[in-house]
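Trainee: I have not looked at this one before. Can you take me through it?
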Amino acid sequence: MPDGADRGPPVNAPGAPRVPRVERAPSSPRFPYVVTEFIDGPSLRVLVERDGPQSGPALYRLAIGTATALAAVHQAGVVHRDLKPGNVLVGPDGPRVIDFGVARSLDATLTATSTVIGTPSYMAPEQLAGEAAGPAADVFAWGATIAYAANGRPPFGQDTIPAVMTRIMSGRPDLGGLTGPLRGLVAQSLHRDPAKRPHSRDVLLRLLEHSHGPIAAPEALAQGRALATADDATLADERTARWATVRLPASPPKRPVFQRRVLVIGTLAAAALLTATVAIALRNDPGDHPLAAVASTPSRTAPPTRPAQPAAPVTGPPTTPSDVAAAVEKAVARAPTTTSRRAPTWTMACTPVPAGPESSSWATAATSARTPGPAIHSTPDPCAAVTTP
(Lines give C-alpha, C1' and ligand atoms only; values in the text may rest on other atoms or scores of the structure.)
Protein backbone atom coordinates (compact mmCIF):
# COMPACT_ATOMS: atom_id res chain seq x y z
CA MET A 1 0.00 0.00 0.00
CA PRO A 2 1.78 3.19 -1.09
CA ASP A 3 1.80 6.24 1.14
CA GLY A 4 -0.73 8.08 -1.05
CA ALA A 5 -3.24 5.23 -1.07
CA ASP A 6 -6.71 5.47 0.42
CA ARG A 7 -6.58 5.23 4.20
CA GLY A 8 -9.75 3.16 4.24
CA PRO A 9 -12.70 3.33 6.64
CA PRO A 10 -12.16 4.37 10.26
CA VAL A 11 -11.98 1.67 12.88
CA ASN A 12 -15.46 2.31 14.28
CA ALA A 13 -17.15 2.47 10.85
CA PRO A 14 -19.69 -0.25 9.98
CA GLY A 15 -17.92 -3.14 8.35
CA ALA A 16 -14.51 -2.19 9.72
CA PRO A 17 -12.49 -5.44 9.63
CA ARG A 18 -11.89 -7.66 12.67
CA VAL A 19 -12.65 -5.21 15.51
CA PRO A 20 -15.94 -4.88 17.41
CA ARG A 21 -18.35 -2.36 16.02
CA VAL A 22 -18.98 0.68 18.25
CA GLU A 23 -22.73 0.96 18.76
CA ARG A 24 -22.85 4.09 20.88
CA ALA A 25 -20.35 6.50 22.42
CA PRO A 26 -22.11 9.13 24.56
CA SER A 27 -20.53 12.50 25.04
CA SER A 28 -21.50 12.98 28.68
CA PRO A 29 -18.28 13.68 30.64
CA ARG A 30 -19.89 12.62 33.93
CA PHE A 31 -20.42 8.94 33.09
CA PRO A 32 -18.28 8.11 30.05
CA TYR A 33 -18.91 4.69 28.53
CA VAL A 34 -18.78 2.94 25.19
CA VAL A 35 -21.23 0.34 23.85
CA THR A 36 -19.63 -2.12 21.40
CA GLU A 37 -20.71 -5.17 19.49
CA PHE A 38 -21.03 -8.39 21.52
CA ILE A 39 -18.70 -11.18 20.38
CA ASP A 40 -20.06 -14.60 21.29
CA GLY A 41 -16.90 -16.63 21.70
CA PRO A 42 -13.98 -17.41 24.04
CA SER A 43 -10.73 -15.53 24.11
CA LEU A 44 -7.72 -17.04 22.40
CA ARG A 45 -6.15 -17.71 25.80
CA VAL A 46 -9.18 -19.70 26.97
CA LEU A 47 -9.40 -21.49 23.62
CA VAL A 48 -5.76 -22.66 23.77
CA GLU A 49 -6.07 -23.69 27.42
CA ARG A 50 -9.19 -25.70 26.57
CA ASP A 51 -8.36 -27.17 23.14
CA GLY A 52 -4.58 -26.93 23.00
CA PRO A 53 -2.34 -25.29 20.36
CA GLN A 54 -3.91 -24.29 17.06
CA SER A 55 -2.85 -25.41 13.59
CA GLY A 56 -4.16 -25.72 10.05
CA PRO A 57 -7.08 -23.51 9.00
CA ALA A 58 -7.71 -22.35 12.59
CA LEU A 59 -4.15 -21.00 12.91
CA TYR A 60 -4.18 -19.36 9.47
CA ARG A 61 -7.58 -17.78 10.15
CA LEU A 62 -6.26 -16.43 13.45
CA ALA A 63 -3.05 -15.06 11.90
CA ILE A 64 -4.73 -13.29 9.01
CA GLY A 65 -7.68 -12.05 11.10
CA THR A 66 -5.48 -10.38 13.74
CA ALA A 67 -3.12 -9.01 11.07
CA THR A 68 -6.13 -7.50 9.29
CA ALA A 69 -7.29 -5.88 12.53
CA LEU A 70 -3.85 -4.33 13.19
CA ALA A 71 -3.57 -3.07 9.63
CA ALA A 72 -7.01 -1.45 10.00
CA VAL A 73 -6.30 0.30 13.32
CA HIS A 74 -2.87 1.47 12.14
CA GLN A 75 -4.43 2.74 8.92
CA ALA A 76 -6.82 4.76 11.09
CA GLY A 77 -3.90 6.22 13.07
CA VAL A 78 -4.35 4.20 16.30
CA VAL A 79 -1.95 1.98 18.27
CA HIS A 80 -3.45 -0.80 20.37
CA ARG A 81 -0.47 -1.19 22.80
CA ASP A 82 -1.85 -4.29 24.59
CA LEU A 83 -2.45 -7.00 22.00
CA LYS A 84 -2.35 -10.43 23.66
CA PRO A 85 -4.30 -13.73 23.61
CA GLY A 86 -6.71 -12.42 26.23
CA ASN A 87 -7.67 -9.53 23.93
CA VAL A 88 -8.50 -11.72 20.93
CA LEU A 89 -12.01 -13.16 20.86
CA VAL A 90 -12.70 -16.12 18.57
CA GLY A 91 -16.32 -15.86 17.54
CA PRO A 92 -18.43 -17.73 14.98
CA ASP A 93 -17.23 -15.36 12.27
CA GLY A 94 -13.54 -15.56 13.11
CA PRO A 95 -11.17 -13.72 15.45
CA ARG A 96 -11.74 -10.16 16.66
CA VAL A 97 -9.27 -7.84 18.43
CA ILE A 98 -10.85 -6.14 21.45
CA ASP A 99 -9.96 -3.98 24.47
CA PHE A 100 -8.73 -0.66 23.15
CA GLY A 101 -8.68 0.74 26.68
CA VAL A 102 -4.96 1.61 26.52
CA ALA A 103 -4.92 2.49 22.82
CA ARG A 104 -3.88 5.94 21.77
CA SER A 105 -3.65 7.99 18.62
CA LEU A 106 -0.38 8.10 16.74
CA ASP A 107 -0.54 11.90 16.88
CA ALA A 108 -0.94 12.01 20.68
CA THR A 109 1.93 13.21 22.85
CA LEU A 110 2.84 11.16 25.91
CA THR A 111 3.17 13.13 29.12
CA ALA A 112 5.27 10.48 30.85
CA THR A 113 7.37 8.31 28.55
CA SER A 114 8.53 6.15 31.47
CA THR A 115 5.06 4.71 32.02
CA VAL A 116 4.99 1.02 31.09
CA ILE A 117 1.62 -0.14 29.74
CA GLY A 118 0.91 -3.68 28.59
CA THR A 119 1.39 -7.35 29.48
CA PRO A 120 5.10 -8.26 29.98
CA SER A 121 5.10 -11.51 27.97
CA TYR A 122 3.79 -9.66 24.88
CA MET A 123 5.48 -6.29 25.26
CA ALA A 124 8.10 -5.03 22.85
CA PRO A 125 11.58 -4.10 24.13
CA GLU A 126 10.93 -0.39 23.56
CA GLN A 127 7.84 -0.61 25.77
CA LEU A 128 9.84 -2.26 28.56
CA ALA A 129 12.42 0.51 28.22
CA GLY A 130 9.71 3.14 28.77
CA GLU A 131 9.89 4.49 25.24
CA ALA A 132 6.91 5.50 23.12
CA ALA A 133 5.07 2.52 21.66
CA GLY A 134 4.26 2.79 17.96
CA PRO A 135 2.79 0.39 15.40
CA ALA A 136 5.97 -1.72 15.58
CA ALA A 137 5.12 -2.62 19.19
CA ASP A 138 1.76 -3.98 18.02
CA VAL A 139 3.55 -6.06 15.38
CA PHE A 140 5.81 -7.49 18.11
CA ALA A 141 2.74 -8.39 20.18
CA TRP A 142 1.15 -9.97 17.08
CA GLY A 143 4.16 -12.26 16.62
CA ALA A 144 4.12 -13.27 20.29
CA THR A 145 0.37 -13.96 20.11
CA ILE A 146 0.68 -16.19 17.03
CA ALA A 147 3.58 -18.09 18.64
CA TYR A 148 1.41 -18.64 21.72
CA ALA A 149 -1.48 -19.91 19.59
CA ALA A 150 0.76 -22.41 17.74
CA ASN A 151 2.70 -23.71 20.77
CA GLY A 152 0.48 -23.11 23.78
CA ARG A 153 3.07 -20.90 25.51
CA PRO A 154 4.48 -17.37 25.05
CA PRO A 155 7.74 -17.22 23.09
CA PHE A 156 9.57 -15.53 26.00
CA GLY A 157 8.00 -17.51 28.84
CA GLN A 158 5.57 -16.42 31.53
CA ASP A 159 7.30 -17.14 34.83
CA THR A 160 8.65 -14.11 36.69
CA ILE A 161 8.49 -10.59 35.29
CA PRO A 162 12.27 -9.98 35.60
CA ALA A 163 13.02 -13.26 33.80
CA VAL A 164 10.56 -12.50 30.99
CA MET A 165 11.91 -8.97 30.58
CA THR A 166 15.48 -10.28 30.42
CA ARG A 167 14.58 -12.75 27.66
CA ILE A 168 12.75 -10.08 25.66
CA MET A 169 15.63 -7.61 25.95
CA SER A 170 18.50 -10.03 25.27
CA GLY A 171 17.22 -13.55 24.55
CA ARG A 172 15.83 -15.40 21.56
CA PRO A 173 12.16 -16.33 21.18
CA ASP A 174 11.01 -19.90 21.48
CA LEU A 175 9.01 -20.51 18.29
CA GLY A 176 8.43 -24.19 19.02
CA GLY A 177 6.73 -26.09 16.21
CA LEU A 178 6.17 -23.17 13.85
CA THR A 179 7.43 -24.00 10.36
CA GLY A 180 7.59 -22.53 6.87
CA PRO A 181 6.93 -18.89 6.02
CA LEU A 182 4.86 -18.26 9.15
CA ARG A 183 7.86 -19.06 11.35
CA GLY A 184 10.00 -16.58 9.42
CA LEU A 185 7.33 -13.88 9.57
CA VAL A 186 6.84 -14.33 13.32
CA ALA A 187 10.62 -14.28 13.89
CA GLN A 188 10.91 -10.98 11.99
CA SER A 189 8.00 -9.54 13.97
CA LEU A 190 9.81 -10.39 17.23
CA HIS A 191 13.02 -8.57 16.27
CA ARG A 192 14.41 -6.44 19.11
CA ASP A 193 14.95 -3.51 16.75
CA PRO A 194 11.55 -1.98 15.88
CA ALA A 195 12.96 -0.62 12.61
CA LYS A 196 13.63 -4.19 11.42
CA ARG A 197 10.09 -5.44 12.01
CA PRO A 198 7.65 -5.51 9.10
CA HIS A 199 4.74 -3.06 8.99
CA SER A 200 1.33 -4.44 9.78
CA ARG A 201 0.25 -3.90 6.18
CA ASP A 202 3.26 -5.92 5.00
CA VAL A 203 2.34 -8.70 7.41
CA LEU A 204 -1.15 -8.80 5.91
CA LEU A 205 0.09 -8.75 2.31
CA ARG A 206 2.53 -11.57 2.97
CA LEU A 207 -0.22 -13.69 4.53
CA LEU A 208 -2.39 -12.95 1.49
CA GLU A 209 0.59 -13.88 -0.73
CA HIS A 210 -0.04 -10.73 -2.72
CA SER A 211 2.78 -10.09 -5.19
CA HIS A 212 1.05 -8.37 -8.10
CA GLY A 213 1.99 -4.77 -7.47
CA PRO A 214 0.31 -2.13 -5.30
CA ILE A 215 -3.11 -2.78 -3.81
CA ALA A 216 -5.51 -0.31 -2.26
CA ALA A 217 -5.95 -0.48 1.49
CA PRO A 218 -9.71 -1.18 1.41
CA GLU A 219 -9.19 -4.04 -1.03
CA ALA A 220 -6.42 -5.63 1.06
CA LEU A 221 -8.50 -5.31 4.23
CA ALA A 222 -11.52 -6.80 2.47
CA GLN A 223 -9.48 -9.81 1.34
CA GLY A 224 -8.18 -10.30 4.86
CA ARG A 225 -11.66 -10.07 6.32
CA ALA A 226 -12.98 -12.63 3.81
CA LEU A 227 -10.31 -15.16 4.72
CA ALA A 228 -10.73 -14.50 8.46
CA THR A 229 -14.44 -15.39 8.24
CA ALA A 230 -14.05 -18.40 5.92
CA ASP A 231 -14.78 -21.91 7.17
CA ASP A 232 -12.31 -24.78 7.34
CA ALA A 233 -13.40 -26.27 4.03
CA THR A 234 -12.71 -23.01 2.20
CA LEU A 235 -9.31 -22.64 3.84
CA ALA A 236 -8.25 -26.23 3.19
CA ASP A 237 -5.92 -25.36 0.33
CA GLU A 238 -2.22 -25.27 -0.42
CA ARG A 239 -1.77 -21.74 0.88
CA THR A 240 -3.11 -22.68 4.30
CA ALA A 241 -0.91 -25.76 4.34
CA ARG A 242 2.14 -23.62 3.60
CA TRP A 243 1.38 -21.08 6.30
CA ALA A 244 -0.24 -23.05 9.10
CA THR A 245 1.57 -26.39 9.29
CA VAL A 246 2.89 -26.90 12.82
CA ARG A 247 5.54 -29.51 13.54
CA LEU A 248 4.54 -31.63 16.51
CA PRO A 249 7.25 -32.34 19.11
CA ALA A 250 8.91 -35.69 18.61
CA SER A 251 8.06 -38.31 21.22
CA PRO A 252 10.30 -41.29 22.06
CA PRO A 253 9.11 -44.59 20.52
CA LYS A 254 7.20 -46.82 22.88
CA ARG A 255 8.37 -50.36 23.51
CA PRO A 256 5.91 -53.17 22.84
CA VAL A 257 4.08 -54.47 25.90
CA PHE A 258 5.84 -57.83 25.71
CA GLN A 259 9.30 -56.24 25.62
CA ARG A 260 8.46 -54.00 28.57
CA ARG A 261 7.31 -57.00 30.62
CA VAL A 262 10.44 -58.98 29.78
CA LEU A 263 12.61 -56.00 30.72
CA VAL A 264 10.87 -55.56 34.08
CA ILE A 265 11.04 -59.27 34.92
CA GLY A 266 14.71 -59.47 33.95
CA THR A 267 15.56 -56.46 36.12
CA LEU A 268 13.77 -57.93 39.14
CA ALA A 269 15.48 -61.32 38.66
CA ALA A 270 18.91 -59.71 38.44
CA ALA A 271 18.28 -57.73 41.62
CA ALA A 272 17.13 -60.85 43.50
CA LEU A 273 20.20 -62.84 42.33
CA LEU A 274 22.55 -60.07 43.42
CA THR A 275 20.91 -59.87 46.86
CA ALA A 276 21.16 -63.64 47.37
CA THR A 277 24.82 -63.70 46.30
CA VAL A 278 25.77 -60.97 48.79
CA ALA A 279 23.89 -62.70 51.61
CA ILE A 280 25.64 -66.05 50.97
CA ALA A 281 29.05 -64.39 50.81
CA LEU A 282 28.55 -62.64 54.14
CA ARG A 283 27.32 -65.79 55.82
CA ASN A 284 30.24 -67.97 54.60
CA ASP A 285 33.03 -65.46 55.31
CA PRO A 286 31.94 -63.04 58.04
CA GLY A 287 35.53 -61.95 58.67
CA ASP A 288 35.51 -59.88 55.48
CA HIS A 289 32.45 -57.94 56.52
CA PRO A 290 33.16 -54.36 57.74
CA LEU A 291 31.37 -55.01 61.02
CA ALA A 292 33.55 -58.03 61.65
CA ALA A 293 36.66 -55.91 61.13
CA VAL A 294 35.39 -53.34 63.59
CA ALA A 295 34.58 -56.01 66.16
CA SER A 296 38.08 -57.51 65.84
CA THR A 297 39.87 -54.18 66.44
CA PRO A 298 41.39 -54.20 69.96
CA SER A 299 40.02 -51.66 72.40
CA ARG A 300 42.25 -48.81 73.53
CA THR A 301 41.77 -49.48 77.22
CA ALA A 302 41.15 -53.24 77.23
CA PRO A 303 43.96 -55.23 78.96
CA PRO A 304 45.98 -57.71 76.88
CA THR A 305 44.80 -61.24 76.94
CA ARG A 306 46.88 -64.40 76.80
CA PRO A 307 46.34 -66.86 73.98
CA ALA A 308 43.80 -69.48 74.85
CA GLN A 309 45.36 -72.69 76.27
CA PRO A 310 43.89 -76.09 75.63
CA ALA A 311 41.73 -77.14 78.49
CA ALA A 312 43.40 -79.67 80.83
CA PRO A 313 41.49 -82.67 81.99
CA VAL A 314 39.73 -82.09 85.25
CA THR A 315 41.34 -84.23 88.02
CA GLY A 316 41.25 -84.18 91.75
CA PRO A 317 44.12 -82.98 94.03
CA PRO A 318 47.19 -85.29 94.30
CA THR A 319 46.93 -87.69 97.21
CA THR A 320 49.91 -90.02 96.83
CA PRO A 321 53.59 -89.01 97.16
CA SER A 322 54.27 -89.92 93.54
CA ASP A 323 51.38 -87.71 92.35
CA VAL A 324 52.60 -84.79 94.47
CA ALA A 325 56.12 -85.12 93.02
CA ALA A 326 54.79 -85.19 89.47
CA ALA A 327 52.66 -82.07 90.11
CA VAL A 328 55.70 -80.20 91.50
CA GLU A 329 57.81 -81.11 88.45
CA LYS A 330 55.09 -79.87 86.11
CA ALA A 331 54.82 -76.59 88.02
CA VAL A 332 58.58 -76.07 87.84
CA ALA A 333 58.57 -76.83 84.12
CA ARG A 334 55.81 -74.22 83.50
CA ALA A 335 57.63 -71.48 85.47
CA PRO A 336 59.22 -68.77 83.16
CA THR A 337 62.98 -68.69 82.86
CA THR A 338 65.17 -65.59 82.58
CA THR A 339 65.77 -66.18 78.86
CA SER A 340 62.14 -66.68 77.91
CA ARG A 341 60.09 -63.79 76.49
CA ARG A 342 57.91 -62.15 79.07
CA ALA A 343 54.34 -61.10 78.50
CA PRO A 344 53.78 -57.64 77.02
CA THR A 345 53.14 -54.81 79.45
CA TRP A 346 51.20 -51.52 78.86
CA THR A 347 52.65 -48.10 79.61
CA MET A 348 51.29 -44.62 78.98
CA ALA A 349 52.85 -42.55 76.15
CA CYS A 350 51.74 -39.02 75.38
CA THR A 351 52.48 -37.23 72.11
CA PRO A 352 51.78 -33.47 71.78
CA VAL A 353 49.95 -32.39 68.59
CA PRO A 354 48.96 -28.96 67.34
CA ALA A 355 45.71 -27.69 68.85
CA GLY A 356 42.79 -27.38 66.42
CA PRO A 357 39.33 -25.89 66.62
CA GLU A 358 37.78 -29.31 67.20
CA SER A 359 40.64 -31.25 68.94
CA SER A 360 42.60 -31.02 72.18
CA SER A 361 46.32 -30.29 72.40
CA TRP A 362 47.06 -33.89 73.09
CA ALA A 363 46.43 -37.05 71.18
CA THR A 364 46.68 -40.67 72.23
CA ALA A 365 47.95 -43.59 70.22
CA ALA A 366 47.61 -47.26 71.13
CA THR A 367 50.06 -49.72 69.66
CA SER A 368 50.90 -53.27 70.56
CA ALA A 369 54.12 -55.07 69.87
CA ARG A 370 52.26 -58.30 69.51
CA THR A 371 48.98 -57.16 67.96
CA PRO A 372 49.44 -54.08 65.75
CA GLY A 373 46.29 -52.04 65.18
CA PRO A 374 45.20 -48.68 63.77
CA ALA A 375 46.03 -45.52 65.63
CA ILE A 376 43.13 -44.35 67.77
CA HIS A 377 42.74 -40.62 68.33
CA SER A 378 40.65 -39.54 71.23
CA THR A 379 39.89 -36.12 72.59
CA PRO A 380 39.02 -36.75 76.28
CA ASP A 381 42.21 -38.68 77.35
CA PRO A 382 45.59 -36.98 76.93
CA CYS A 383 47.45 -40.28 77.01
CA ALA A 384 46.91 -43.87 75.92
CA ALA A 385 48.36 -47.22 76.79
CA VAL A 386 51.26 -48.26 74.56
CA THR A 387 52.63 -51.73 74.51
CA THR A 388 56.32 -52.08 75.21
CA PRO A 389 58.14 -55.35 74.70
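Mentor: We will go from the overall picture to a few helices, a hairpin and some single residues.

Mentor: Keep in mind that this is a predicted model.

Trainee: Fine. How many helices and strands are in the protein?

Mentor: The protein has 13 helices and 10 strands.

Trainee: And what share of the residues is buried?

Mentor: Of the 389 residues in the protein, 31% are buried. The exposed surface comes to about 23,700 Å², and carbon and sulfur atoms supply 60% of that area.

Trainee: Let's pick a helix. What is there to say about H2?

Mentor: H2 covers residues 56-75, which is 20 residues. From first C-alpha to last, H2 reaches 28 Å, close to the 28 Å expected at 1.5 Å a residue.

Trainee: Is H2 mostly covered or mostly open?

Mentor: Mostly covered, with 18 of the 20 residues in H2 buried. Just after H2 comes Gly-77, which takes a positive phi of about 85°.

Trainee: Which helix does H2 pack with, and at what angle?

Mentor: H2 packs with H7, residues 200-208, at an angle of about 145°. The axes of H2 and H7 are 8 Å apart, and the crossing is left-handed.

Trainee: Why those two values?

Mentor: Two packed helices are described by the angle between their axes and the distance between the axes.

Trainee: Which residues meet there?

Mentor: On the H2 side, they include Tyr-60, Ala-63, Ile-64 and His-74. On the H7 side, they include Arg-201, Val-203, Leu-204 and Leu-208.

Trainee: Which residues of H7 are buried?

Mentor: Ser-200, Val-203, Leu-204, Leu-205, Leu-207 and Leu-208 are buried in H7. What covers them includes H2, H4 (135-151), H6, H8 and H10 (238-244).

Trainee: And what follows H7?

Mentor: Glu-209 follows H7, and its phi is positive, near 55°. Glu-209 sits in the loop between H7 and H8 (217-228). Glu-209 counts as partly exposed because its relative accessibility is 33%.

Trainee: Where is Arg-81?

Mentor: Arg-81 is in the loop between S3 (78-79) and S4.

Trainee: Is Arg-81 buried or exposed?

Mentor: Arg-81 counts as buried, because its relative accessibility is 14% and the cut-off for buried is under 20%.

Trainee: You mentioned S4. Which strand is S4 joined to by bridges?

Mentor: S4, residues 88-91, is joined by 4 bridges to S5, residues 94-97, and the two run antiparallel. A hairpin of 2 residues connects S4 to S5. Gly-91 has Gly-94 in S5 as its bridge partner.

Trainee: What about Ile-39, where is that?

Mentor: Ile-39 is in the loop between S2 (35-36) and H1 (44-51). Leaving aside neighbours within four places in sequence, Ile-39 is in contact with Leu-89, Gly-91 and Arg-96. Ile-39 and Leu-89 are 50 residues apart along the chain, and their C-alpha atoms are separated by 7.0 Å.

Trainee: Why does Ile-39 count as buried?

Mentor: Because its relative accessible area is 10%.

Trainee: Last one. Which helix holds Val-186?

Mentor: Val-186 lies in H6, residues 180-189. Val-186 counts as buried, because its relative accessibility is 0%.

Trainee: What does Val-186 touch?

Mentor: Not counting residues up to four places away in sequence, Val-186 touches Trp-142, Gly-143, Ile-146, Ala-147, Leu-175 and Leu-178.

Trainee: And how far is Val-186 from Pro-173?

Mentor: Their C-alpha atoms are separated by 9.7 Å, and the two residues are 13 residues apart along the chain.

Definitions and conventions:
Residues are numbered from 1 along each chain as its sequence is written. This is a predicted model: local features need pLDDT of at least 70, side-chain atom pairs count only at pLDDT 80 or more; totals for chains, interfaces and linings use all residues. Side-chain values use heavy atoms; hydrogens and water are left out. Two strands pair if DSSP finds at least two bridges between them. Buried means under 20% relative accessible area, exposed over 50%, partly exposed in between (1.4 Å probe, protein chains only). Accessible areas come from the Shrake-Rupley method with a 1.4 Å probe; for residues, only the protein chains shown count as cover. The expected span of a helix is 1.5 Å times one less than its number of residues. Axes are lines fitted to C-alpha atoms, for helices over the stretch in contact, and angles run from 0 to 180 degrees between N-to-C directions. A crossing is left-handed if the near helix is turned anticlockwise from the far one by less than a right angle, and right-handed if clockwise. Contact means heavy atoms within 4.5 Å.
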